[in-house]
Amino acid sequence: MTKPTSPFTRAQLLPQEETLEIARKKDALYIGIAKETHFQEKRICLTPDAVNAIVANGHKVLIEEGAGIEAGFTDRAYSEAGAEITNDTKKVFECPILLKVEPPTLEEIKLIKPKTVLISALQLKTRQKPYFEALAKKKITALAFEFIKDEDNSYPAVKALSEIAGTASVLIAAELMVNAKDGNGLLFGNISGVPPAEVVIIGAGAVGEFATRSALGLGANVKVFDHSLTRLRKIQANLGTTFFTSTIQPKYLMKALRRCDVAIGAVRGSHRSPILVTEGMVENMKNGAVIIDVSVDMGGCFETTETTSHDNPTRLKHGVIHYGVPNIPARYPKTASISISNIFTPYLLNIAECGGVENAIRFDSGLRNGLYFYRGILTNKAVADWFDMPYSDINLLIY
């Protein structure tokens with residue numbers, strides 16, 4: 001009798017039922033939120049309401065004592081929402097999932113356990129190579145929330161914070177026009193018989209759009225400049241009204257700046273913001289005019305801008321008040337915290353529903369876009385190019 005040549009049994013050779021999809025196994029999350037230690041950082045990743053929703057779904061949240069105080073959320077509010085409060089910083093950093101607004105410092109990374117999932121901002125321009133080497137050593141999986149995309153291919157965290165920065169830039173300008181030592185004493189509004197404030201906004205992105213919306217709402221005359229005609233058309237369509245728009249041409253920009261009371265810079269660049277307003281143009285502006293350079297975190301688009309802080313936010317140059325604080329949303333910590341929390345909460349619940357971060361990034365391409373470290377392996381090409389480090393395509397690691 002001849003021996004069968006097939007390596008399979010008779011049962012295995014019979015037709016089998018097709019398995020279309022394996023059910024995803026839910027995962028219980030244990031999330032740690034440490035108190036922010038970065039200079040003048042007052043925001044927190046989750047509000048008490050968000051914690052309540054997460055705990056109600058069977059997850060645990062450990063929060064360091066006092067982490068939400070600066071944003072207007074007490075430890076009692078978090079405790080009543082179901083979070084555990086601790087004064088042990090080390091215990092928080094040992095949680096399997098760590099949430100932070102600012103990226104952790106090298107000292108904080110030393111407290112993190114190996115193979116932890118870190119979700120925070122990355123702020124690539126402020127990072128240094130030792131930061132990534134420390135993450136690699138701990139085999140950490142890290143996601144940058146400013147790189148995460150949503151279903152319409154936009155960046156929800158960047159857009160949310162840009163909305164705050166745009167609206168805040170107009171409110172800050174209105175305050176400086178009146179309260180600054182060398183302000184011109186103008187009310188930012190349209191009062192009967194009084195010429196309205198003249199506002200120049202450079203950049204028609206999310207920051208520029210919300211700055212324009214706020215300035216128009218207060219009754220100002222607004223002029224928006226941008227290199228892109230598409231963005232200029234879009235900002236008018238989104239606001240549903242017509243106002244002065246122009247491509248960035250030095251002659252028209254200089255003329256507008258000479259007459260304006262407020263100039264807001266909101267132009268980004270690939271490596272740094274392009275300098276669109278020279279020192280000579282600033283010299284020709286009115287005494288007491290206000291410059292709000294929202295792009296200062298990328299170098300600024302006004303040549304005369306200097307980086308300042310929330311404690312001492314302004315500098316006077318050529319009779320013009322310069323506001324150069326790089327982290328404007330941190331000035332409004334409660335609003336910013338609620339906005340960030342609204343973004344984090346659905347993603348955390350989705351991660352649990354998928355059975356953990358690894359499964360979530362398999363199914364959610366937008367979340368996968370935010371991944372820059374996977375088990376200690378660099379997966380983001382932009383980071384690799386910036387720091388001249390080797391990287392691997394995440395699609396080759398998770399499939």
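Which residues line the largest cavity? They are I119, L143, F145, I148, I343, F344, Y347, L348, I351 and L367. Helix α12 (residues 333-354) supplies the largest share of this lining, 5 residues. The largest cavity holds about 80 Å³ of space, and the count of cavities of 30 Å³ or more is 2. A cavity is a set of points, on a 1 Å grid over the protein atoms alone, where a 1.4 Å probe fits but cannot get out; lining residues have an atom within 4 Å of a point. Volume is the space filled by probe spheres set on the points, which are joined across faces, edges and corners.

The model is predicted: local features need pLDDT of at least 70 and side-chain atom pairs pLDDT 80 or more, whereas totals for chains, interfaces and linings use all residues. Residues are numbered from 1 along each chain as its sequence is written, and side-chain values use heavy atoms, without hydrogens and water.

The fold contains 16 helices and 15 strands, taken as DSSP runs (H or I, at least four residues; E, at least two) numbered from the N terminus. The C-alpha trace spans about 105 × 50 × 40 Å along its principal axes.

| Property | Value |
|---|---|
| Buried share of the 399 residues | 49% |
| Accessible surface of the protein | about 20,100 Å² |
| Share of that surface belonging to carbon and sulfur atoms | 52% |

Buried means under 20% relative accessible area (protein chains only), and areas come from the Shrake-Rupley method with a 1.4 Å probe.

Methods:
Buried means under 20% relative accessible area, exposed over 50%, partly exposed in between (1.4 Å probe, protein chains only). On a 1 Å grid over the protein atoms alone, a cavity is a set of points where a 1.4 Å probe fits but cannot get out, and a pocket is an open set with protein on both sides within 12 Å along at least five of seven lines; lining residues have an atom within 4 Å of a point.
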